[in-house]
Amino acid sequence: MRRRATPIPIGLAVCLLLAGCASSGVTISRSDQREVTVVSPVPTSPEPTSPVPTSPVPDDSGLPGIAPVAWSTCDDQPGPWQCGFITVPMDYSDPSGAEITIALTRFPAADAGNRVGSLVLNPGGPGGSGIEIAYDEAEAMPTEISDRFDIVGFDPRGIGRSTAVQCPQDFDAATDSFDGCIDLTGELLIHLGTPNVARDLEMVRRALQDERLTYLGYSYGTALGAVYADMFPDRVRALVLDGAIDPDAGLSNTDSGGGYDFYAEQDFEGTLDVFHSLCDITSNCAAGPDSRDLLSQVSDVVRDTPAPYFANGESLTRADVDDIVSTAMYSAYSWPVLGIALRDAANGDASALAAMYSWLQFGYPADMEAEADFDFANVAIRCADFENRGSGSYECADFPDTAESLPVIGPVDAAATILVIGTQHDPATPGRYAALLAGALGDAVDISWEGAGHTAFLSSGCITDIVVAYVVEQIVPEDGETCPFVEGAATVNERADVVFQSLEPDFAIDSIEPLLVEQGVPGRLARCVARAIVTSGGERLVVHQILGVDSPELAGLRSTAAMGCQLTG
């Protein structure tokens, strides 16, 4: 259910590394090549930037008063990024009781004179950092949005820089009991359910001084957006819910029972079938022409296949291979990398596969601490959202009872129509849920991308164009509108060729350059060396560099390139 499996959301990370997202690769449609069917355009005028008041913002939401965010420079980001925090009740039924802090960041609108307001992001998870996704996606955000909206991220309660769950030092979610984390986190665990996060989101809106909320939520973030719309329907300006959850998930918390006691019933096997079918009909896929057989061979022998050029060369297990393949299904942009890693392993070297395991989970260079924090927050929020967790999930059996769990999503009478997005071959939140969630909300439309991977905005150019029109101009697309997997591909073979196309050189160079600096290549030489690797090394060695595989061929090329770059200045 994660939106991100790396410090950068995986769809965006691999897109930047391999295909350039909407500018090239799997999605090639642009708004000037298509028409958006307008159902209910709502003209808006820019809201002027107002002076920051010093007193709490008045509101009729029934929540406590809140002062505007006092923005200041960020410790870990250059300007124009700004950071701040607000204080909210831990328990909204006891507003005078214990308080917690919610941390925020913003990238101010580039065109301040035509600023509309704030676009608030949530990456899903649950447990993902809204601050980190703001950092990751701000530069990739279409200029139509970044010109007129502050890009705002906040860490929900329990996460990251906000008042967060706590675990013992050196906690390992793979092997350690959660008991120590439960003891250290204490009462906060009772109040991590989505209804309280939705109240926090309303407090964020008020502290940002936006008359109504403009919001983009991925995966679990669609649950948060839907609950917000139910609780604060008059405050909706534009809600984009991308990667829709099952609206009936909360049934498992009711007396009548039923429903699926998770946010959505997943379908990784269905997405894997798409990977195999496309890989096997294009010469661009290194794992073809029988990728199912190749994967089976690798799984059978991987324990005895060395991985000498990554980390400590530790062997992988069949379960590790299953995890790698499943995680790669989160984005079709990672499929060319998976194909190369599988082919390497079949040829007797599992280094790229082992590196991919680390890269998909922790990024490269690895951010292990961030992943450990995410793991417990993810479990703690899920356990807070589902009351029957003791019978359905052993990992939640020792958690305290929840103050409020995830409700069933029902009809809302929102101030503006909500936009729900589904991806047909989404492994974590299958595309069928988009129509179901929009139907449950009532005051919503659903659109779909015929692609593969988890969520569609910034992965599909067609979907991105629709979202831009909706967010900026409040143009509501036709209910049920569909965007193709690959715009302009007339046949399945053409689609497969694009999905597994060669690395996009400029993006590969931009991605490799900072990695070389991390590895000790002098900054003045790094771009020259990166260019040599991309132009001379071939796709396999470029992937090795991206993954951190120090294979002899790559090491030799890097050394030769460095000497050549020194000679040419």
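**Close-up 1. Where helix H17 meets helix H18.** On the H17 side of this contact we find Pro 505, Ala 508, Ile 509, Asp 510, Ile 512, Glu 513, Leu 516 and Val 517, and they meet Gly 523, Ala 526, Arg 527, Val 529, Ala 530, Arg 531, Ile 533 and Val 534 of H18. Sorted by class, the H17–H18 contact has 11 nonpolar residues, 1 polar and 4 charged. Bear in mind, here and in the views that follow, that this is a predicted model.

**Close-up 2. The geometry of the H17–H18 pair.** Two packed helices are described by the angle between their axes and the distance between the axes. H17 covers residues 505–518 and H18 covers residues 523–536; they pack at about 135°, and their axes are 8 Å apart. That angle makes H17 oblique to H18. As for handedness, H17 and H18 cross in a right-handed way.

**Close-up 3. Ile 533 and its surroundings.** Let's stay with helix H18, which is where Ile 533 sits. Ile 533 has a relative accessibility of 0%, so it counts as buried. Leaving aside residues up to four places away in sequence, Ile 533 touches Ile 512, Leu 516, Gly 538, Leu 541, Val 542, Gln 545, Leu 554, Leu 557 and Arg 558. Among these partners, Ile 512 and Leu 516 also turn up on the H17 side of the helix contact. For a sense of how the chain folds back here, look at Ala 561: Ile 533 and Ala 561 are 28 residues apart in sequence, yet their C-alpha atoms are 7.5 Å apart in space.

**Close-up 4. Helices H5 and H6.** Now for another helix pair: H5 (residues 194–208) and H6 (residues 220–231) have axes that come within 9 Å and cross at roughly 70°. H5 and H6 are therefore roughly perpendicular to each other. H5 brings Thr 194, Pro 195, Val 197, Ala 198, Arg 199, Leu 201, Glu 202 and Arg 205 to the contact, while H6 brings Tyr 220, Ala 223, Leu 224, Val 227, Tyr 228 and Met 231. By class, the residues where H5 and H6 touch split into 10 nonpolar, 1 polar and 3 charged.

**Close-up 5. The disulfide of Cys 74 and Cys 83.** Searching the whole structure turns up 6 disulfides, and one of them joins Cys 74 to Cys 83, with 2.1 Å from S to S. The link of Cys 74 and Cys 83 is right-handed, with 105° about the S-S bond. Cys 74 and Cys 83 are both buried.

**Close-up 6. The disulfide of Cys 279 and Cys 285.** Here Cys 279 is joined to Cys 285, and the S to S distance is 2.0 Å. The torsion about the S-S bond is about -80°, so the disulfide of Cys 279 and Cys 285 is left-handed. Cys 279 is buried, at a relative accessible area of 0%, and Cys 285 counts as buried too, at 5% relative accessibility.

**Close-up 7. The disulfide of Cys 383 and Cys 396.** The sulfurs of Cys 383 and Cys 396 are joined at 1.8 Å. With -75° about the S-S bond, the link of Cys 383 and Cys 396 is left-handed. Cys 383 belongs to helix H12 (residues 368–385) and Cys 396 to the loop between helix H13 (389–392) and strand E8 (418–425), so the pair ties together parts that are 13 residues apart in sequence. Cys 383 is buried, with a relative accessible area of 1%; Cys 396 counts as buried at 4% relative accessibility.

Key
Residues numbered from 1 in each chain as written. Predicted model: local features only at pLDDT ≥ 70, side-chain atom pairs only at ≥ 80, totals over all residues. Heavy atoms only, no water. Axes fitted to C-alpha atoms, helices over the stretch in contact; angles between N-to-C directions. Helix = DSSP H or I, 4+ residues; strand = E, 2+ residues; numbered from the N terminus. Parallel < 35°, antiparallel > 145°, perpendicular 65-115°, else oblique. Left-handed = near helix turned anticlockwise from the far one by under 90°. Contact = heavy atoms within 4.5 Å. Nonpolar A, V, L, I, M, F, W, Y, C, P; charged D, E, K, R; others polar. Buried < 20%, exposed > 50% of the residue type's maximum accessible area, 1.4 Å probe, protein only. Disulfide = S-S within 2.5 Å.
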